Amino acid sequence: MSHYVTNGGGNHLYPSAPMANGSLVATVAACPEKKGVVVTGGAGASPGAYQERETWTRQMDFIMSCVGFAVGLGNVWRFPYLCYKNGGGVFLIPYLLIVFIGGIPIFFLEIALGQFMKAGSINVWNIAPLFKGLGYSSMVIVFFCNTYYIMVLAWGFYYLIHSFTANLISGNNSCTGNKVLNISSGLDEPGSMSWELTLCLMAVWIMVYFCVWKGVKSTGKIVYFTATFPYVVLIILFVRGVTLPGAYEGIMYYIKPNWSKLQEAQVWIDAGTQIFFSYAIGLGALTALGSYNRFNNDCYKDAFVLALINSGTSFFAGFVVFSILGFMAAEQGVDISQVAESGPGLAFIAYPKAVSLMPVAPLWAALFFFMLLMLGLDSQFVGVEGFVTGILDLFPASYNHKYKREIAVALCCGLCFIIDLSMVTQGGMYVFQLFDYYSASGMTLLWQAFWECVVVAWVYGADRFMDDVARMIGYRPFPWMKWCWAFITPCVCIGIFLFHLVNYKPLTYNTDYIYPWWGEVIGWCMALSSMLCIPVSLLYKLFRAKGSFSQVPHLNSRYSVWIHVSSVC
């Protein structure tokens, strides 16, 4: 008898693809009472043990959530600096090339995998049980990201509150100094806690909790504001920036090509690393967001639209940044290279300086810091959503506690908040940088992306997955995707990974403080805690299995568990 897979909307039936190894694919027949509902089960579940899975109220909810997650602070404070540093307009050549051979293929792979398997970042790898460590690895990375990324929001919230004070400008200029961070002499001197920052941190975590606790139905509505409002402020700042004296010189510094830079390996490495950061690849959150799509959603088209929005935002933000930096350089009578910064220094020093020059400075300052808060907030709560989705998918389908989502989100936020308390001390900036440099570094994301491509293309089968995608969207994607997954993208990932490894330099703070050896050990432990999930999980499953590889069904990627349509209806 034939088996069928629904599109998630309950309207059409498609012949089901041979699902991999013990996973229960989202299967609902065209039953009127289950219209718009997705039914999922865990690996090895019985046909009767299924649970309903939410879907987005509108497909635009998914688009806005992806925009909110992927378009974040890195697009505004990291890309423009990299573009200036690596030859101006010339940097767009390696950047766009790696977008098409690395960024879009993996971005599409993660969304399509989640949409097809209707599962979070762990259970999607039921397609290849030996490599389920990929799911655990992404969960570790996104947990670390959720833990330290929110500190930037806490600093932004602090400045939002202080935007209306009389000492606005002096406060802005001391952000990375005494007032907010009050930095101690080293990692070994944590010092006292800042109660103001602690309260700001608590407030931000409470906001994140109430954005996530009810699932995608509420999250999908909140992102309409958090994802679009920053664009309004960026446009306002752009209009103001280009009218400032020195703006033209700043913009030309940003886009003027330096062709000799193309010969430098570091330019290509920076382009690749920025793509993986800004596209939020390897964190598992994109997979979680895709899992709430209708089965027949055209995720192939979505991937290109989202890539255009992401990269376009980065490029546009550069004009905003460098029009302001050009003005600062003209005012101070120095070269732009002396005022160009990346990261928090740019967000908390350069931008506020420009905002303070506008009429009604406190209002513009509040608007600016509110934009920073929105840019980071949607990235943060979608990251938490991805983590919680992966955790909840591990529960048996028969376990359906009324408040299990609310409890899971509360535990996640509470645990991260406790760890974050180490970052609101006088030595907190050293802890923050340790997390940033190691836990979700370029190496961990590249390692994750490499194995994702290898497993889908060579273990599950690139052609097989292309067939699965065709069953969802109604047509086969261009073969370029398959070639990238199988050959090009893994080579790009491992090449940049090895470059990072060979050129590794010990972590420093402001070039003058060198981290102690035990600090580096802690950092490498954080990095390896995610990277080792893949080989350790593989070896564990192999050693625990009895018989040869072909005799063990749950390790064989051709083994399938089916749900008959009649059992669902």
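Predicted model: local features only at pLDDT ≥ 70, side-chain atom pairs only at ≥ 80, totals over all residues.
## Helices H7 and H14

The crossing is right-handed.

On the H7 side, the contact is formed by Trp 205, Met 207, Val 208, Cys 211 and Val 212. These residues meet Leu 373, Leu 377, Gln 380, Phe 381, Val 384 and Glu 385 of H14. Classified by residue type, the contact of H7 with H14 holds nine nonpolar, one polar and one charged residues.

## Overall architecture

The protein has 569 residues, of which 60% count as buried. Its secondary structure comprises 21 helices and six strands. Among contacts with a sequence separation of 6 or more, 81% are between residues 24 or more positions apart.

## Helices H5 and H16

Helix H5 (residues 133-162) and helix H16 (residues 428-439) have axes that come within 10 Å and cross at roughly 140°. H5 and H16 are therefore oblique to each other. H5 passes H16 in a left-handed crossing.

H5 contributes Ile 141, Phe 144, Thr 147, Tyr 148, Met 151, Val 152 and Trp 155 to the contact, while H16 contributes Met 429, Phe 432, Phe 435, Asp 436 and Ser 439. By class, nine nonpolar, two polar and one charged residues make up the contact of H5 with H16.

## Helices H4 and H17

Helix H4 (residues 92-117) packs against helix H17 (residues 442-473) at an angle of about 60°, and the two axes are 10 Å apart. This angle makes H4 oblique to H17. The crossing in which H4 passes H17 is left-handed.

The residues of H4 in this contact are Ile 106, Phe 108, Leu 109, Glu 110, Ala 112, Leu 113, Gln 115 and Phe 116. Their partners in H17 are Ala 449, Glu 452, Cys 453, Val 456, Tyr 460, Phe 465, Asp 468, Val 469 and Met 472. The contact of H4 with H17 includes 13 nonpolar, one polar and three charged residues.

An unreviewed UniProt entry places the feature "binding site" at Gly 68, Ala 70, Val 71, Asn 75, Ser 278, Asn 310, Leu 375, Asp 378 and Ser 379. Although these positions are spread over 312 residues of sequence, they cluster in space, with a largest C-alpha distance of 14.3 Å.

Asn 75, one of the annotated positions, is found in helix H2 (residues 73-77). Asn 75 counts as buried because its relative accessibility is 1%. Leaving aside residues up to four places away in sequence, Asn 75 touches Ala 70, Pro 80, Ser 278, Asn 310, Ser 314 and Ala 317.

## Tyr 513 in strand E6

Tyr 513 is found in strand E6 (residues 513-514). With a relative accessible area of 15%, Tyr 513 is buried, since the cut-off for a buried residue is under 20%.

The C-alpha atoms of Tyr 513 and Gly 186 are separated by 7.5 Å, although the two residues are 327 residues apart along the chain. Gly 186 is also among the residues that Tyr 513 touches, together with Ser 185, Leu 187, Tyr 430, Leu 507 and Thr 508; residues up to four places away in sequence are not counted.

Terms used. Residues numbered from 1 in each chain as written. Heavy atoms only, no water. Axes fitted to C-alpha atoms, helices over the stretch in contact; angles between N-to-C directions. Helix = DSSP H or I, 4+ residues; strand = E, 2+ residues; numbered from the N terminus. Parallel < 35°, antiparallel > 145°, perpendicular 65-115°, else oblique. Left-handed = near helix turned anticlockwise from the far one by under 90°. Contact = heavy atoms within 4.5 Å. Nonpolar A, V, L, I, M, F, W, Y, C, P; charged D, E, K, R; others polar. UniProt positions renumbered as here; feature names shortened; annotations may be inferred. Buried < 20%, exposed > 50% of the residue type's maximum accessible area, 1.4 Å probe, protein only.
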